[in-house]
Amino acid sequence: MTWLGRRDHWVFAALGAVLLGYFLFPFVAFLGRTTASAPAEAVSPTAREAAVNSLVTAPVATAVATVFGVPLAYTLARTSFRGKRLVEALVVLPLVLPPVVAGAMLLTGIGRFTPVGGFLAGLGLGLTDSRAGIVLAQTFVAAPFVVITARAGFASVDRRLEQASRSMGYGRVATFWHVSLPLARGMVLAGVVLTFARAIGEFGATMMVAFNPRTMPTAIWVEFVSGGVDATVPLALALLAISLLVILATQRIGRAPTLAGW
Amino acid sequence: MLSVTGLTKRYGDETVLAALSLSVDGGEFVTLLGPSGCGKTTTLLAIAGHVTPTAGTVSIGGRDVTDSPPEARSCGLVFQQDALFPHMTARENVAYALAPHDPDEQRQERRVDDLLSLVGMADHAGKHPEQLSGGQRRRVELVRALATDPDVLLLDEPLTGLDRALREDLRAEIARVHDRTGVTTLYVTHDQTEALSLSDRLVILDDGRVVGEGTPRSLYERPPNRFVASFLGPSAELTATLVSDDPPIAAWCGHEFVLEGSPPGDQITLLLRPDDVGNSFEGTATARDVRVEATVQDASHRGPHSSVTVEAPDGTHLSLAVEGFPDLHRGDDLAVGFDAADLFAFAGGERCAVSRSREAEYYDEP
């Protein structure tokens, strides 16, 4: 605060407000399209099925991303090894790819006519056009968020705290549980929330891998194609409400702001 | 109890530790002293198992632990700056350290209480680190490191970043805790005062190598080389010239000093500590082996004594201590005197003894 006086805070507030306004504007416009029958349409059988699919797959995808992503984040934060840059690039890659391309790539790997996909389909576990397929698509696209955010969280934990814990007789894993994870908790949780938000909203990759059974985003797309923007309103509102609720609940449980870490 | 042999650590081309060896006996308090960047902390972390040495062995309690993970080494660790777990209270910090070693909760609780009382922190047990002052945090950290009843206590500049009064308090506290527990201690610092006042023995490190080892007194009074001599205390450097080879004689300001052995090179540095210099103002310059007329450059008061700097005829600046607040000012004449036995003579960094001084037979005016 050397060049900025106390009263100059409005500069930040004003610039931030521009973006906030831009965020808010489509919401308001969209809500303007809402008709009295929208809530009723949102509970139609098709809409309900889509909601159930989304609410089953997104948490599973988030759990999978967390279970495997947090250890990866910790490893990246704490060790250096040959080819680490390559690994880091690989983690960011799904973020950079257009989701449709990610979906196409997944299809070439696990599609019904590939060795892996074919084998599992033979066992009755179809990886495409199934909930499993939805989870795979969501995980691929959404997992980088938890890895990147948690990694930053672990990197901010003072290494000496872990060394102190080790010297007290705790192994690597125990030290992770008692020291590293609690101290990085805010950032890890922020990553989990971002991953969930990305997973439940995921459309491009999901559509390629599992157009059926429909999730809320794919159902919304189908509604849009057949009935235009107005037809998407009921489902879109439901998706919005569910996402908001989950994010608020997670924030409350973790008592941590989602982006700030602590 | 602790012994380190040939410890070497290289990062790429950079050698941080060069075949360092040291040992600490059971119950001993040894200080690893050296300027910053000399490899002290790396040595400590290698002993604790947090840095993997390129070569060398570490053994604790007679057991080779070179390949053991930190949790299998029984080292208590106190860091340079706060390393208390911020998500735990003072009590929980100590209890956490204790937990893997004593499953009995009641006994654990009593021990935590005992440890916190040992450093007067019992009343603050329920506070989180951010509610404690810097000194209180160090105290908790000290007993947390002791909680595991470690074979070796390793302290890495634990007094850094505290104000002077607090440092002195804590220094006394560390000495007291060591007396009470008798724990084998390796203390790392760059501060000579801490090292000289706390330790049974000093190991002096420079550039990843041991350059001196011994009791504080022996190293202070008989430094093995120039680095140790100047690192352990301030001293004036008198540049003398070798005027004869057999016997080797060094000359400075009309005085000659007979050296023992055969010094390499003809530039001899004579080091002189301020407390070994007498002066004509207090009448302490007479009856000394060497007496030179000098001029006062500066006098600054430092509590019980003043530090006076004078310039000798050859331009050398000498510091000396004068009691109280002497009436000495820049430009005043002041004769200073010292004994040849108090000089440390170094040729090419290595020490050579001064046996005696004598008046120069001929003397070129400077």
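Visitor: How much area do chain A and chain B bury between them?

Guide: This is a predicted model, and in it chain A and chain B bury about 1,700 Å² between them. Carbon and sulfur atoms carry 62% of that area. The size of an interface is often given as the accessible area lost when the parts come together.

Visitor: Which three residues supply more of the area that chain A buries than any other three?

Guide: They are R160(A), S167(A) and M168(A), with 38% of the area that chain A buries against chain B. Counted by contacts, 19 residues of chain A meet 25 residues of chain B.

Visitor: What makes R166(A) and E71(B) a salt bridge?

Guide: Their side chains meet at 2.7 Å, N to O. The limit for a salt bridge is 4 Å, so the pair R166(A) and E71(B) qualifies. The count between chain A and chain B is one salt bridge, and there are eight residue pairs in polar contact, both residues at pLDDT 80 or more. On the chain A side, helix 8 (159-167) and helix 9 (172-201) each supply at least two residues that touch chain B.

Visitor: Why is the pair of Y74(A) and F154(A) called edge-to-face?

Guide: The ring centres of Y74(A) and F154(A) are 5.2 Å apart and the planes stand at 85°. Y74(A) lies in helix 3 (residues 45-78) and F154(A) in helix 7 (residues 131-155) of chain A, so the pair ties together parts that are 80 residues apart in sequence. Both Y74(A) and F154(A) are buried. Ring pairs also link these two with F176(A) and W177(A) into a cluster.

Visitor: Is F227(B) buried, exposed or partly exposed, and what about F231(B)?

Guide: F227(B) has a relative accessible area of 25% and is partly exposed. F231(B) has 13% and is buried. The cut-off for buried is under 20%, so F231(B) passes at 13%.

Visitor: How do you know that R144(B) has its charged end over the ring of F85(B)?

Guide: The charged end of R144(B) is 4.7 Å from the ring centre of F85(B), and the distance limit is 6 Å. K9(B) lies over the face of Y11(B) in chain B too, at 4.9 Å from the ring centre.

Visitor: What makes N279(B) buried?

Guide: N279(B) has 0% relative accessibility. Buried means under 20%, so N279(B) counts as buried. N279(B) is placed in strand 15 (residues 278-279) of chain B. A polar atom of the N279(B) side chain lies 2.8 Å from the backbone nitrogen of E282(B). Beyond four places in sequence, N279(B) touches residues including T284(B), L320(B), V322(B) and V336(B).

Visitor: How many helices and strands does chain B have?

Guide: Chain B has eight helices and 22 strands. Of its 366 residues, 51% count as buried.

Technical notes:
Residues numbered from 1 in each chain as written. Chains lettered and ligands numbered in written order. Predicted model: local features only at pLDDT ≥ 70, side-chain atom pairs only at ≥ 80, totals over all residues. Heavy atoms only, no water. Phe/Tyr/Trp six-rings, centres within 6.5 Å; stacked < 30°, edge-to-face > 60°. Helix = DSSP H or I, 4+ residues; strand = E, 2+ residues; numbered from the N terminus. Buried < 20%, exposed > 50% of the residue type's maximum accessible area, 1.4 Å probe, protein only. Lys NZ or Arg CZ within 6 Å of the ring centre and 35° of its normal. Contact = heavy atoms within 4.5 Å. Buried area = accessible area lost by both parts, 1.4 Å probe. Polar contact = N/O pair within 3.5 Å; in protein donor to acceptor, adjacent residues only side chain to side chain.
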